[in-house]
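Hi,

Here is the structure I promised to pass on to you. Have a look at it first, and my notes on what turned up follow below.

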Amino acid sequence: YVEEWFELMGFPLDTEQVDAIPEPSDAAPALLPAAPVDGTMELDYLTFADRTPIPAYTGVDVQPEVVSRLRGLKPDRFLVVTDEAVEKHYGSYMDALGSDGTPVYKYVLPCGDQCKAMKHLLGLIDWSFESGGTRSSVVVGFGGGALMNITGLFAGIVYRGFRLVYIPTTLLAMHDVTTSLKTSICHWGRKNNIGVYYAATLILMDLAFCRTLPQDELLSGLGELCKNAALFGGDHAAGFVGAFSKDLLNECCGGAAESLTLEDSDLIKLTRLGVRAKMDILCVDATENLQGMVFEYGHTFSHAIEKAYGDGRIPHGIGVCYGMLCCSHVASRLGIMSEEARGEHDAMVRLLTDRWALPEPKPSMEKVMGYAMGDSKRGILKEEVHEITDLVLSEIGSIVSDHPSNLAKFDKKYVEEWLELMGFQSQ
(Lines give C-alpha, C1' and ligand atoms only; values in the text may rest on other atoms or scores of the structure.)
Protein backbone atom coordinates (compact mmCIF):
# COMPACT_ATOMS: atom_id res chain seq x y z
CA TYR A 1 0.00 0.00 0.00
CA VAL A 2 2.87 2.34 0.70
CA GLU A 3 4.39 1.49 -2.68
CA GLU A 4 1.02 2.24 -4.33
CA TRP A 5 0.97 5.66 -2.65
CA PHE A 6 4.53 6.44 -3.76
CA GLU A 7 3.59 5.53 -7.34
CA LEU A 8 0.50 7.75 -7.17
CA MET A 9 2.66 10.58 -5.87
CA GLY A 10 4.93 10.30 -8.89
CA PHE A 11 8.02 8.75 -7.29
CA PRO A 12 9.97 6.97 -10.06
CA LEU A 13 10.76 3.27 -9.79
CA ASP A 14 14.52 2.67 -9.68
CA THR A 15 14.95 -0.89 -10.90
CA GLU A 16 18.70 -0.77 -10.25
CA GLN A 17 18.33 0.15 -6.58
CA VAL A 18 19.58 -2.67 -4.36
CA ASP A 19 18.17 -3.04 -0.86
CA ALA A 20 21.25 -3.24 1.39
CA ILE A 21 19.29 -4.30 4.46
CA PRO A 22 19.32 -8.10 4.76
CA GLU A 23 16.03 -9.78 5.45
CA PRO A 24 15.98 -12.33 8.28
CA SER A 25 15.45 -15.15 5.79
CA ASP A 26 18.72 -14.29 4.00
CA ALA A 27 20.83 -15.87 6.70
CA ALA A 28 18.37 -18.36 8.16
CA PRO A 29 19.78 -21.87 8.54
CA ALA A 30 17.69 -25.01 8.66
CA LEU A 31 15.06 -24.73 11.38
CA LEU A 32 15.66 -26.68 14.56
CA PRO A 33 13.60 -26.62 17.74
CA ALA A 34 14.98 -24.42 20.49
CA ALA A 35 16.61 -26.28 23.36
CA PRO A 36 14.48 -26.23 26.50
CA VAL A 37 15.49 -23.99 29.37
CA ASP A 38 16.22 -26.53 32.09
CA GLY A 39 16.70 -24.00 34.87
CA THR A 40 20.12 -25.15 36.08
CA MET A 41 21.39 -21.56 36.24
CA GLU A 42 20.70 -19.64 39.45
CA LEU A 43 18.69 -16.45 39.11
CA ASP A 44 19.37 -13.17 40.88
CA TYR A 45 17.96 -9.73 40.17
CA LEU A 46 20.27 -6.72 39.99
CA THR A 47 18.41 -3.65 41.25
CA PHE A 48 19.63 -0.20 40.29
CA ALA A 49 17.66 2.24 42.49
CA ASP A 50 14.13 2.64 41.11
CA ARG A 51 14.88 1.06 37.73
CA THR A 52 13.47 -2.25 36.56
CA PRO A 53 15.53 -5.10 38.11
CA ILE A 54 17.76 -6.96 35.66
CA PRO A 55 17.67 -10.77 35.69
CA ALA A 56 21.16 -12.23 36.06
CA TYR A 57 21.69 -15.97 35.68
CA THR A 58 24.82 -17.74 36.95
CA GLY A 59 26.04 -21.27 36.35
CA VAL A 60 28.97 -23.43 35.29
CA ASP A 61 29.12 -25.29 31.95
CA VAL A 62 25.71 -23.97 30.94
CA GLN A 63 26.17 -23.18 27.24
CA PRO A 64 22.90 -24.85 26.11
CA GLU A 65 20.91 -22.87 28.66
CA VAL A 66 22.67 -19.63 27.73
CA VAL A 67 21.66 -20.15 24.11
CA SER A 68 18.09 -21.04 25.08
CA ARG A 69 17.69 -17.95 27.23
CA LEU A 70 18.99 -15.80 24.39
CA ARG A 71 16.50 -17.35 21.98
CA GLY A 72 13.75 -16.68 24.49
CA LEU A 73 14.10 -12.97 23.73
CA LYS A 74 12.76 -13.71 20.21
CA PRO A 75 14.63 -10.98 18.31
CA ASP A 76 14.53 -10.48 14.56
CA ARG A 77 18.31 -10.96 14.60
CA PHE A 78 21.24 -11.18 17.02
CA LEU A 79 24.12 -8.72 16.80
CA VAL A 80 26.98 -10.44 18.63
CA VAL A 81 29.98 -8.32 19.61
CA THR A 82 33.08 -10.17 20.74
CA ASP A 83 36.87 -9.78 20.78
CA GLU A 84 39.72 -11.56 19.07
CA ALA A 85 40.69 -13.71 22.06
CA VAL A 86 37.15 -14.91 22.73
CA GLU A 87 36.60 -15.55 19.04
CA LYS A 88 39.79 -17.64 18.96
CA HIS A 89 39.03 -19.76 22.01
CA TYR A 90 35.22 -19.72 22.19
CA GLY A 91 34.08 -18.81 18.70
CA SER A 92 31.89 -21.91 18.54
CA TYR A 93 30.07 -21.12 21.79
CA MET A 94 27.35 -19.28 19.87
CA ASP A 95 27.15 -21.68 16.91
CA ALA A 96 23.76 -23.05 17.97
CA LEU A 97 22.27 -19.59 18.48
CA GLY A 98 20.91 -19.31 14.96
CA SER A 99 19.73 -22.89 14.60
CA ASP A 100 16.12 -21.81 15.19
CA GLY A 101 16.25 -19.63 12.07
CA THR A 102 17.18 -16.32 13.70
CA PRO A 103 19.99 -14.56 11.81
CA VAL A 104 23.19 -14.05 13.79
CA TYR A 105 25.71 -11.36 12.83
CA LYS A 106 29.09 -11.11 14.52
CA TYR A 107 31.55 -8.24 14.94
CA VAL A 108 35.05 -8.96 16.27
CA LEU A 109 36.98 -6.21 18.09
CA PRO A 110 40.57 -6.01 19.35
CA CYS A 111 41.21 -7.20 22.91
CA GLY A 112 41.33 -5.05 26.03
CA ASP A 113 41.19 -1.26 26.04
CA GLN A 114 42.29 -1.17 22.41
CA CYS A 115 38.66 -1.89 21.51
CA LYS A 116 37.43 1.18 23.43
CA ALA A 117 38.11 3.65 20.64
CA MET A 118 35.87 6.02 18.69
CA LYS A 119 36.71 4.31 15.39
CA HIS A 120 35.43 1.00 16.74
CA LEU A 121 32.26 2.58 18.13
CA LEU A 122 31.53 4.11 14.73
CA GLY A 123 32.33 0.77 13.10
CA LEU A 124 29.77 -0.96 15.32
CA ILE A 125 27.13 1.62 14.48
CA ASP A 126 27.69 1.21 10.73
CA TRP A 127 27.69 -2.59 11.08
CA SER A 128 24.37 -2.56 12.93
CA PHE A 129 22.72 -0.71 10.04
CA GLU A 130 24.43 -2.86 7.41
CA SER A 131 23.13 -5.95 9.25
CA GLY A 132 19.58 -4.64 9.25
CA GLY A 133 19.39 -4.04 12.99
CA THR A 134 16.02 -2.84 14.27
CA ARG A 135 14.39 -2.10 17.59
CA SER A 136 13.48 -5.78 17.67
CA SER A 137 17.14 -6.86 17.47
CA VAL A 138 19.26 -7.98 20.43
CA VAL A 139 22.88 -6.95 20.94
CA VAL A 140 25.02 -9.53 22.74
CA GLY A 141 28.25 -8.44 24.43
CA PHE A 142 30.38 -11.59 24.59
CA GLY A 143 33.78 -10.96 26.17
CA GLY A 144 35.63 -9.15 28.96
CA GLY A 145 35.13 -5.84 30.73
CA ALA A 146 36.43 -3.53 28.01
CA LEU A 147 34.30 -5.31 25.42
CA MET A 148 31.25 -4.86 27.68
CA ASN A 149 32.00 -1.14 28.04
CA ILE A 150 31.97 -0.37 24.32
CA THR A 151 29.15 -2.81 23.53
CA GLY A 152 26.95 -1.22 26.17
CA LEU A 153 27.65 2.24 24.79
CA PHE A 154 26.92 1.11 21.23
CA ALA A 155 23.69 -0.62 22.31
CA GLY A 156 22.59 2.42 24.31
CA ILE A 157 22.83 5.01 21.55
CA VAL A 158 21.63 3.30 18.35
CA TYR A 159 17.86 3.82 18.05
CA ARG A 160 18.21 5.23 21.60
CA GLY A 161 18.66 1.70 22.81
CA PHE A 162 18.86 -1.87 21.52
CA ARG A 163 17.97 -4.69 23.85
CA LEU A 164 21.29 -5.75 25.38
CA VAL A 165 22.59 -9.02 26.82
CA TYR A 166 25.92 -9.38 28.58
CA ILE A 167 27.76 -12.71 28.51
CA PRO A 168 30.98 -11.96 30.42
CA THR A 169 34.00 -14.18 29.93
CA THR A 170 36.34 -12.82 32.63
CA LEU A 171 36.10 -12.72 36.41
CA LEU A 172 36.41 -8.92 36.38
CA ALA A 173 33.55 -8.52 33.91
CA MET A 174 31.33 -10.92 35.85
CA HIS A 175 31.41 -9.20 39.21
CA ASP A 176 32.43 -5.61 38.42
CA VAL A 177 31.29 -4.63 34.90
CA THR A 178 27.93 -6.32 34.40
CA THR A 179 26.96 -4.94 37.83
CA SER A 180 27.15 -1.35 36.57
CA LEU A 181 25.12 0.85 34.25
CA LYS A 182 28.29 2.59 33.10
CA THR A 183 29.39 2.26 29.48
CA SER A 184 32.37 3.96 27.91
CA ILE A 185 35.14 4.37 25.42
CA CYS A 186 38.48 6.16 25.84
CA HIS A 187 39.05 9.29 23.76
CA TRP A 188 41.45 12.19 23.49
CA GLY A 189 44.08 10.35 25.52
CA ARG A 190 41.77 9.91 28.50
CA LYS A 191 40.18 6.92 30.17
CA ASN A 192 36.42 6.26 30.06
CA ASN A 193 35.56 9.88 29.22
CA ILE A 194 32.77 9.20 26.72
CA GLY A 195 29.81 7.07 27.73
CA VAL A 196 26.23 6.77 28.86
CA TYR A 197 24.34 4.91 31.56
CA TYR A 198 22.53 1.98 30.02
CA ALA A 199 20.97 -1.13 31.50
CA ALA A 200 21.21 -4.60 30.04
CA THR A 201 18.03 -6.60 29.45
CA LEU A 202 19.62 -9.83 30.63
CA ILE A 203 22.94 -11.06 32.07
CA LEU A 204 24.13 -14.63 31.54
CA MET A 205 27.25 -15.79 33.39
CA ASP A 206 28.95 -19.10 32.65
CA LEU A 207 31.83 -19.35 35.11
CA ALA A 208 33.39 -22.12 33.03
CA PHE A 209 35.14 -19.36 31.09
CA CYS A 210 37.22 -18.55 34.17
CA ARG A 211 38.93 -21.95 34.08
CA THR A 212 40.98 -20.93 31.06
CA LEU A 213 41.65 -17.30 31.97
CA PRO A 214 45.26 -16.15 31.59
CA GLN A 215 46.81 -15.41 34.99
CA ASP A 216 46.81 -11.67 34.25
CA GLU A 217 43.04 -11.74 33.77
CA LEU A 218 42.43 -13.82 36.89
CA LEU A 219 44.58 -11.48 38.99
CA SER A 220 42.80 -8.49 37.45
CA GLY A 221 39.43 -9.83 38.58
CA LEU A 222 40.83 -10.42 42.04
CA GLY A 223 42.17 -6.85 42.06
CA GLU A 224 38.71 -5.30 42.10
CA LEU A 225 37.73 -7.76 44.86
CA CYS A 226 40.77 -6.52 46.77
CA LYS A 227 39.39 -3.00 46.42
CA ASN A 228 36.05 -4.12 47.87
CA ALA A 229 37.91 -5.84 50.71
CA ALA A 230 39.67 -2.60 51.60
CA LEU A 231 36.51 -0.51 51.33
CA PHE A 232 34.13 -2.73 53.26
CA GLY A 233 36.26 -5.17 55.29
CA GLY A 234 34.31 -7.99 56.94
CA ASP A 235 33.18 -10.79 54.61
CA HIS A 236 34.72 -9.03 51.63
CA ALA A 237 38.18 -9.00 53.20
CA ALA A 238 37.85 -12.57 54.45
CA GLY A 239 36.69 -13.79 51.05
CA PHE A 240 39.49 -12.06 49.20
CA VAL A 241 42.24 -13.24 51.57
CA GLY A 242 40.73 -16.73 51.49
CA ALA A 243 41.36 -16.89 47.74
CA PHE A 244 45.05 -16.98 48.57
CA SER A 245 44.91 -19.75 51.17
CA LYS A 246 47.43 -22.47 50.51
CA ASP A 247 44.86 -25.08 49.55
CA LEU A 248 43.93 -22.92 46.55
CA LEU A 249 47.50 -22.40 45.43
CA ASN A 250 49.84 -24.71 43.63
CA GLU A 251 52.62 -24.63 46.20
CA CYS A 252 55.19 -26.20 43.92
CA CYS A 253 55.48 -22.83 42.21
CA GLY A 254 56.00 -21.01 45.48
CA GLY A 255 52.82 -18.97 45.27
CA ALA A 256 53.89 -17.15 42.13
CA ALA A 257 51.35 -15.65 39.77
CA GLU A 258 51.54 -18.66 37.46
CA SER A 259 50.40 -20.93 40.29
CA LEU A 260 47.15 -19.24 41.27
CA THR A 261 44.13 -21.39 40.48
CA LEU A 262 40.58 -21.29 41.83
CA GLU A 263 38.02 -24.05 42.01
CA ASP A 264 34.57 -23.56 40.46
CA SER A 265 32.99 -23.29 43.92
CA ASP A 266 35.43 -20.56 44.93
CA LEU A 267 34.84 -18.64 41.70
CA ILE A 268 31.10 -18.71 42.40
CA LYS A 269 31.63 -17.45 45.97
CA LEU A 270 33.95 -14.65 44.85
CA THR A 271 31.66 -13.61 42.02
CA ARG A 272 28.66 -13.45 44.34
CA LEU A 273 30.71 -11.49 46.87
CA GLY A 274 31.68 -8.95 44.21
CA VAL A 275 28.12 -8.64 42.94
CA ARG A 276 26.84 -8.11 46.48
CA ALA A 277 29.36 -5.34 47.13
CA LYS A 278 28.20 -3.43 44.06
CA MET A 279 24.48 -3.98 44.47
CA ASP A 280 24.41 -3.02 48.16
CA ILE A 281 25.41 0.46 46.99
CA LEU A 282 23.90 0.72 43.51
CA CYS A 283 20.46 -0.22 44.78
CA VAL A 284 20.30 3.39 46.04
CA ASP A 285 22.81 5.10 43.68
CA ALA A 286 22.28 3.64 40.23
CA THR A 287 24.65 6.01 38.43
CA GLU A 288 27.50 5.80 40.96
CA ASN A 289 27.70 9.57 41.39
CA LEU A 290 27.29 9.70 45.18
CA GLN A 291 27.60 6.63 47.43
CA GLY A 292 28.64 4.58 44.40
CA MET A 293 31.73 6.73 43.91
CA VAL A 294 33.39 4.51 46.55
CA PHE A 295 34.14 2.05 43.76
CA GLU A 296 36.55 4.62 42.31
CA TYR A 297 39.01 3.89 45.13
CA GLY A 298 42.51 3.89 43.63
CA HIS A 299 41.19 4.51 40.14
CA THR A 300 42.62 8.00 39.59
CA PHE A 301 46.13 6.56 39.78
CA SER A 302 45.23 3.18 38.28
CA HIS A 303 43.87 4.82 35.13
CA ALA A 304 46.89 7.13 34.94
CA ILE A 305 49.38 4.26 35.23
CA GLU A 306 47.46 2.14 32.71
CA LYS A 307 47.32 4.95 30.15
CA ALA A 308 50.95 5.94 30.71
CA TYR A 309 52.16 2.39 30.03
CA GLY A 310 49.88 2.06 27.01
CA ASP A 311 46.60 0.22 26.57
CA GLY A 312 46.72 -3.45 27.47
CA ARG A 313 50.06 -3.58 29.32
CA ILE A 314 48.72 -3.28 32.87
CA PRO A 315 45.68 -5.43 33.78
CA HIS A 316 43.06 -3.08 35.18
CA GLY A 317 42.59 -4.85 38.52
CA ILE A 318 46.34 -4.86 39.08
CA GLY A 319 46.44 -1.16 38.28
CA VAL A 320 43.72 -0.58 40.87
CA CYS A 321 45.83 -2.33 43.50
CA TYR A 322 48.78 -0.04 42.78
CA GLY A 323 46.38 2.91 42.92
CA MET A 324 45.25 1.75 46.37
CA LEU A 325 48.87 1.66 47.55
CA CYS A 326 49.21 5.24 46.36
CA CYS A 327 46.07 6.20 48.29
CA SER A 328 47.32 4.60 51.50
CA HIS A 329 50.58 6.55 51.15
CA VAL A 330 48.56 9.76 50.77
CA ALA A 331 46.33 8.89 53.76
CA SER A 332 49.42 8.19 55.86
CA ARG A 333 51.10 11.48 54.87
CA LEU A 334 47.89 13.37 55.68
CA GLY A 335 47.83 11.81 59.15
CA ILE A 336 44.55 10.02 58.40
CA MET A 337 45.84 6.43 58.34
CA SER A 338 48.13 5.12 61.08
CA GLU A 339 51.21 3.10 60.22
CA GLU A 340 49.58 0.02 61.75
CA ALA A 341 46.41 0.48 59.71
CA ARG A 342 48.46 1.12 56.59
CA GLY A 343 50.46 -2.04 57.22
CA GLU A 344 47.28 -4.14 57.37
CA HIS A 345 45.86 -2.45 54.26
CA ASP A 346 49.04 -2.76 52.21
CA ALA A 347 49.70 -6.36 53.26
CA MET A 348 46.34 -7.35 51.81
CA VAL A 349 46.94 -5.41 48.59
CA ARG A 350 50.39 -6.92 48.17
CA LEU A 351 48.89 -10.37 47.97
CA LEU A 352 48.40 -9.30 44.36
CA THR A 353 51.08 -6.70 43.64
CA ASP A 354 53.83 -9.03 44.89
CA ARG A 355 52.69 -11.44 42.18
CA TRP A 356 52.61 -8.78 39.46
CA ALA A 357 55.41 -6.21 39.47
CA LEU A 358 55.13 -3.11 37.30
CA PRO A 359 57.26 -3.70 34.20
CA GLU A 360 60.42 -1.81 33.35
CA PRO A 361 61.10 0.67 32.00
CA LYS A 362 58.46 2.66 33.80
CA PRO A 363 56.90 5.70 32.11
CA SER A 364 58.00 9.10 33.36
CA MET A 365 56.47 10.64 36.44
CA GLU A 366 55.30 13.59 34.35
CA LYS A 367 53.45 11.31 31.97
CA VAL A 368 51.63 9.52 34.79
CA MET A 369 50.77 12.78 36.53
CA GLY A 370 49.50 14.26 33.27
CA TYR A 371 46.94 11.50 32.97
CA ALA A 372 46.09 11.63 36.69
CA MET A 373 45.40 15.37 36.58
CA GLY A 374 43.01 14.82 33.65
CA ASP A 375 41.01 12.10 35.40
CA SER A 376 37.27 12.06 34.68
CA LYS A 377 36.44 12.74 38.35
CA ARG A 378 38.22 16.07 38.22
CA GLY A 379 35.92 18.99 38.91
CA ILE A 380 33.56 17.23 41.32
CA LEU A 381 35.37 18.75 44.31
CA LYS A 382 36.42 21.95 42.51
CA GLU A 383 40.11 21.22 42.99
CA GLU A 384 42.79 23.88 42.98
CA VAL A 385 45.44 23.58 40.29
CA HIS A 386 47.79 21.70 42.65
CA GLU A 387 45.12 19.29 43.95
CA ILE A 388 44.00 15.84 42.85
CA THR A 389 41.07 13.59 43.83
CA ASP A 390 40.57 9.98 44.93
CA LEU A 391 39.38 8.27 48.12
CA VAL A 392 41.25 7.96 51.41
CA LEU A 393 40.71 5.46 54.21
CA SER A 394 41.66 5.63 57.87
CA GLU A 395 41.75 1.83 57.99
CA ILE A 396 40.24 -1.14 56.17
CA GLY A 397 36.50 -0.56 56.02
CA SER A 398 36.57 3.11 57.01
CA ILE A 399 36.31 5.86 54.36
CA VAL A 400 37.18 9.45 55.34
CA SER A 401 35.36 12.21 53.45
CA ASP A 402 33.14 15.21 54.10
CA HIS A 403 31.58 15.08 50.61
CA PRO A 404 28.49 13.05 49.57
CA SER A 405 30.57 11.38 46.84
CA ASN A 406 33.04 9.98 49.42
CA LEU A 407 35.85 11.60 47.43
CA ALA A 408 38.68 13.62 48.94
CA LYS A 409 41.05 16.13 47.37
CA PHE A 410 44.68 16.57 48.38
CA ASP A 411 47.96 18.03 47.22
CA LYS A 412 49.40 16.22 44.21
CA LYS A 413 52.86 16.32 45.83
CA TYR A 414 51.96 13.24 47.87
CA VAL A 415 51.23 11.30 44.69
CA GLU A 416 54.54 12.45 43.21
CA GLU A 417 56.29 11.24 46.38
CA TRP A 418 54.75 7.80 45.99
CA LEU A 419 55.64 7.59 42.32
CA GLU A 420 59.23 8.43 43.16
CA LEU A 421 59.30 5.76 45.88
CA MET A 422 57.98 3.28 43.30
CA GLY A 423 60.82 4.06 40.90
CA PHE A 424 59.08 6.36 38.44
CA GLN A 425 61.69 8.84 37.23
CA SER A 426 61.25 12.51 36.42
CA GLN A 427 62.15 13.52 32.88
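In this predicted model, Lys227 and Asp176 form a salt bridge through their side chains, at 3.9 Å from N to O; the term stands for a side-chain nitrogen of Lys or Arg within 4 Å of a carboxyl oxygen of Asp or Glu. The pair links distant parts of the chain, with Lys227 in helix H7 and Asp176 in helix H6, 51 residues apart. Helices here are DSSP runs of H or I with at least four residues, strands are runs of E with at least two, and both are numbered from the N terminus. Both Lys227 and Asp176 are buried, where buried means under 20% relative accessible area, exposed means over 50%, and partly exposed lies in between (1.4 Å probe, protein chains only).

Before the rest, a word on conventions: residues are numbered from 1 along each chain as its sequence is written, and side-chain values use heavy atoms, with hydrogens and water left out. As the model is predicted, local features need pLDDT of at least 70 and side-chain atom pairs count only at pLDDT 80 or more, while totals for chains, interfaces and linings use all residues.

The whole structure holds 24 salt bridges. One of these joins the side chains of Lys191 and Asp113 at 2.3 Å, N to O. Lys191 lies in the loop between H6 and S7 and Asp113 in the loop between strand S4 (104–109) and helix H4 (118–130), so this pair ties together parts that are 78 residues apart in sequence. Lys191 and Asp113 are both buried.

Arg211 and Asp264 make another salt bridge, their closest N and O atoms being 2.8 Å apart. Here too the pair links distant parts of the chain: Arg211 is in the loop between S7 and H7, Asp264 is in helix H9 (residues 264–282), and 53 residues separate them. Arg211 is partly exposed at 44% relative accessibility, and Asp264 is partly exposed at 25%. Elsewhere, salt bridges with shared partners join Lys182, Glu288, Glu296, Asp375 and Lys377 into one network.

The loop between helix H6 (171–177) and strand S7 (202–206) also holds Gly195, which is partly exposed with a relative accessible area of 42%. Apart from neighbours within four places in sequence, Gly195 is in contact with Leu153, Thr183 and Ser184; contact means heavy atoms within 4.5 Å.

Now to the strands. Six of the six residues of strand S5 (residues 138–143) are buried. Val138, Val140 and Phe142 point one way from S5, and Val139, Gly141 and Gly143 point the other way. S5 pairs in the parallel sense with strand S3 (residues 78–83) over five bridges, and with strand S6 (residues 163–168), also in the parallel sense, over six bridges. Pairing requires that DSSP finds at least two bridges between two strands. Val80 stands opposite Val140 in S5, while Val139 stands opposite Leu164 in S6.

Among the buried residues of H12 are Ala341, His345, Met348 and Leu352. Their cover includes helix H7 (215–232), helix H8 (234–242), helix H11 (316–333) and strand S9 (393–395).

Best wishes
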